[in-house]
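Q: I have a structure open and have not looked at it before. Can you walk me through parts of it?
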Amino acid sequence: MKTQSSATTASAIAVTTPGTTPGTAPPPTPGAAPRRRPDLGGTLQAGLGVIAFSLTFPATAWGLEGFGPWSLVAVRCVLAALIAGGCLLALRVPPPARRHWPGLAVVAAGVVVGFPMLTTLALETSTTAHAAVVVGLLPLTTALLSALRVGSRPSRTFWAAALAGAAAVAAFTVQQSGGALTTADLYLFAALLVCAAGYTEGGRLARVMPGWQVIGWALVLCLPLAVPAAALALAHEPVRLTAHSMAGLMWVAAGSQFLGLVVWYRGMAAIGIPKASQLQLAQPLLTLVWSVLLLGEHLTVAAPLTAAAVLVCIAVTQRARG
């Protein structure tokens, strides 16, 4: 017994390192376990999604030149659902498990129907510069809902940078619109909430199934309602087919509604919902650039200053540990 006790004591002494107490595991030494490198592929995919989304408002403005708001949203949904359904059918993707359908319904309600409908109604009376405020505040709202829904806990540095970026974007876009609240603002704030819910739920589902299938099945889920809605809207709203209206319709259907969301959900699954959402801080400024190039709107000298502040905030949030 005495020999055994001595051996045990010697073993304990042998594994003890400075700064630890006997019987506890030593802390990891530098170089013992490589730090996890940022997922550049996930960041790139989320960034491509942001670029696709930044074209949504200008494309919607083009679409409204030839379609009514209800027709534009309904036809957009039908076309996107046909594209998604065709991909799912061609690849013989089995339907999701029953437990995933409630989450897909949230994605459909928020991203496929709610956000497009509310922002399209807002753009009837609002400029794209003013409407960009909704995507300026979307990253913070998405991060908040993510913390509640999936239990993510970003660091204080992350939250400080996110709040600073959101404040910079909000101040810029509100200043551009004169600071007046209108009916369009109510549509935009409602769109902000439903889209953040859809992003959060979609990002959670993208962890257990491919991101393109998340938005694909959400679109297919809306098809039975979108087809009669499109027929009804087209019968009651005048349609004037032009190059702009058709290009706008095709982009919001294929680019924003499907391809953009495919890479966006894949990016969120790879780098996490809060960090991916902060990339959207750049979306309002990108939208303003497209508005100048495509719609002929004019920017003030505040744009480059805000762009610099937003880029700093994005860099901080991407480095902050959650």
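A: Start with helix α4, residues 69–90, in this predicted model. At 1.5 Å a residue, its 22 residues should span 32 Å, and its end C-alpha atoms are 32 Å apart, so the two values agree.

Q: What comes just after α4?
A: Just after α4, R92 takes a positive phi of about 55°. That is a positive value in a residue other than glycine.

Q: Where does R92 lie?
A: R92 lies in the loop between α4 and α5, the latter being residues 101–123.

Q: Is R92 buried or exposed?
A: R92 counts as exposed, because its relative accessibility is 77% and the cut-off for exposed is over 50%.

Q: Ok, stepping back. How many helices and strands are in the chain?
A: The chain has 14 helices and zero strands. Along the sequence, the pattern is therefore α-α-α-α-α-α-α-α-α-α-α-α-α-α.

Q: How much of the chain is made up of buried residues?
A: Of the 322 residues in the chain, 48% are buried.

Q: And the contacts, how far apart in sequence are the residues they join?
A: Take the contacts between residues at least 6 apart in sequence: 91% of them join residues at least 24 apart.

Q: Back to helices. How do α2 and α3 cross?
A: Helix α2 (residues 40–54) and helix α3 (residues 56–63) have axes that come within 5 Å and cross at roughly 30°. The two helices are therefore roughly parallel, since angles under 35 degrees count that way.

Q: Which residues make the contact?
A: On the α2 side, A52, F53 and S54 make the contact, and on the α3 side, T56, F57 and P58. The residues of this contact divide into four nonpolar, two polar and no charged.

Q: Changing topic: how many salt bridges does the structure hold?
A: The structure holds one salt bridge. The side chains of R204 and E201 meet in it, at 2.5 Å from N to O.

Q: Why can such side chains pair?
A: Side chains of opposite charge can pair when their charged atoms come close.

Q: Where do R204 and E201 lie?
A: Both lie in helix α9, residues 183–205. R204 and E201 are three residues apart, about one turn of the helix.

Q: Are those two buried or exposed?
A: E201 is buried, because its relative accessible area is 6%, which is under the 20% cut-off. R204, at 25% relative accessibility, counts as partly exposed.

Q: What about A197, where is its place?
A: A197 is in helix α9. It counts as partly exposed, at 29% relative accessibility.

Q: What is A197 in contact with?
A: Leaving aside its neighbours within four places in sequence, A197 is in contact with V106 and L145. The C-alpha atoms of A197 and L144 are separated by 9.9 Å, and these residues are 53 residues apart along the chain.

Q: One more. Where is A162?
A: A162 is in helix α8, residues 156–177. A162 is buried, with a relative accessible area of 0%.

Q: What does A162 touch?
A: Not counting residues up to four places away in sequence, A162 touches L140, Q278 and T317.

Q: And how far is A162 from P274?
A: Their C-alpha atoms are separated by 9.4 Å, while A162 and P274 are 112 residues apart along the chain.

Conventions. Residues numbered from 1 in each chain as written. Predicted model: local features only at pLDDT ≥ 70, side-chain atom pairs only at ≥ 80, totals over all residues. Heavy atoms only, no water. Salt bridge = Lys/Arg side-chain N within 4 Å of Asp/Glu carboxyl O. Helix = DSSP H or I, 4+ residues; strand = E, 2+ residues; numbered from the N terminus. Buried < 20%, exposed > 50% of the residue type's maximum accessible area, 1.4 Å probe, protein only. Axes fitted to C-alpha atoms, helices over the stretch in contact; angles between N-to-C directions. Parallel < 35°, antiparallel > 145°, perpendicular 65-115°, else oblique. Contact = heavy atoms within 4.5 Å. Nonpolar A, V, L, I, M, F, W, Y, C, P; charged D, E, K, R; others polar. Expected span 1.5 Å × (residues − 1).
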